[in-house]
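Take a walk through this structure with me. Keep the sequence and the 3D view side by side.

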Amino acid sequence: MASINSPMDVYKLLNGSNCRECGEKTCLAFSVAVFKNKRTLDRCPHLSAEVVTTYSGTERPNTVDEYMTEAVEELKRQIPGIDLGQAAERLGARHNGKKLTIKVLGKIFSVDADGNLSSDIHINPWLVVPVLNYILHGAGKPVSGQWVTFRELNGGMERYSHYQQRCERPLKQLADTYTDLFRDMLDIFNGRKVDNYIDSDVSVVLHPLPLLPIMICYWEPEDGLESSLHIYYDKTADENLDIESVYTLTAGMMLMFEKLALRHGFKES
Ligand code: SF4
């Protein structure tokens, strides 16, 4: 039987156009609203009656928060099984004998030997899951300085269409409509402007994890051509983090940017 176990399951049914006809600003926001039972699938006029019937009223074992919280709890339970001192040395983190401290988008994030977490900002569970996976399983490969697309990472090709829908496309939409996006990346998330990569108009490097830099490049619309946005990863990203976590990390950053934009108010297109 068709089931919806996460907002992603809703998102996969949508066309990703962010047309707003459902009353939400993006397909992603609609997916979360449906998952939380705040909207019903039939509010999206682009879904066929068959899809609406198939997926409406299906069992939802968890809310999105419960779903992600469960994943975080499971990973926290694994922390006592590792040597945090060794992990810190491997991963570009610090260890003071009690806690491992790591910088996530320039913000302090700590975990102690019992798996207790602390941070100087609210980090959503979509980010906490990959951060814990990085601490538990990251290989600690030095950054190579070579940029590749998500598709070029091991396992990226298979996930690419979902990745595009979930990460690159909504981030491009956000960059098109929220003019302060890149300034926020620099001011709030410790981003660094770099030379314009492949003739992009903006190139910003962020460090969601010490050994996992991400570069976001944006090309403004020009001469009738649409804008475009691409996200690049260091070639070693799939060794320092499993591909599913790279995907979750990027989706978590997207949620963070979207939340910030909503708080500051979108510039209507
Ligand atoms: S969920 Fe449907 S109606 Fe809402 S923005 Fe996406 S495509 Fe448009």
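This is a predicted model: local features need pLDDT of at least 70, side-chain atom pairs count only at pLDDT 80 or more; totals for chains, interfaces and linings use all residues.

Start at the ligand. The ligand sits in the largest cavity. Around the ligand are 13 residues, and the closest are Asn15, Cys19, Cys22, Cys27 and Cys44. By class, this shell holds 7 nonpolar, 4 polar and 2 charged residues.

Now turn to helix H10, residues 243-264. H10 has 22 residues and reaches 32 Å from its first C-alpha to its last. That is close to the 32 Å expected at 1.5 Å a residue. Of its 22 residues, 17 are buried, so H10 is largely enclosed by the rest of the structure.

Next come the salt bridges. The whole structure has 10 of them. One joins Arg39 to Glu24, with the closest N and O atoms 2.8 Å apart. Arg39 lies in the loop between helix H2 and helix H3, and Glu24 in the loop between helix H1 and H2. The two are 15 residues apart. Both Arg39 and Glu24 are buried.

Finally, look at helix H7, residues 156-177. Here Asp176 and Lys172 form a salt bridge, 2.9 Å from N to O. They lie 4 residues apart, about one turn of the helix. Lys172 counts as buried because its relative accessibility is 17%, under the 20% cut-off. Asp176 is partly exposed, at 32%. Lys172 also forms a salt bridge with Glu226, the closest N and O atoms being 3.1 Å apart. Glu226 lies in the loop between strand S8 and strand S9, so this pair ties together parts 54 residues apart in sequence. Glu226 is exposed, at 63% relative accessible area.

Technical notes: Residues are numbered from 1 along each chain as its sequence is written. Side-chain values use heavy atoms; hydrogens and water are left out. A residue is near a molecule or strand if one of its heavy atoms lies within 4 Å of it. On a 1 Å grid over the protein atoms alone, a cavity is a set of points where a 1.4 Å probe fits but cannot get out, and a pocket is an open set with protein on both sides within 12 Å along at least five of seven lines; lining residues have an atom within 4 Å of a point. A molecule sits in a cavity or pocket if more than half of its atoms lie within 2 Å of its grid points. Ala, Val, Leu, Ile, Met, Phe, Trp, Tyr, Cys and Pro count as nonpolar, Asp, Glu, Lys and Arg as charged, and the others, Gly among them, as polar. The expected span of a helix is 1.5 Å times one less than its number of residues. Buried means under 20% relative accessible area, exposed over 50%, partly exposed in between (1.4 Å probe, protein chains only). A salt bridge is a side-chain nitrogen of Lys or Arg within 4 Å of a carboxyl oxygen of Asp or Glu.
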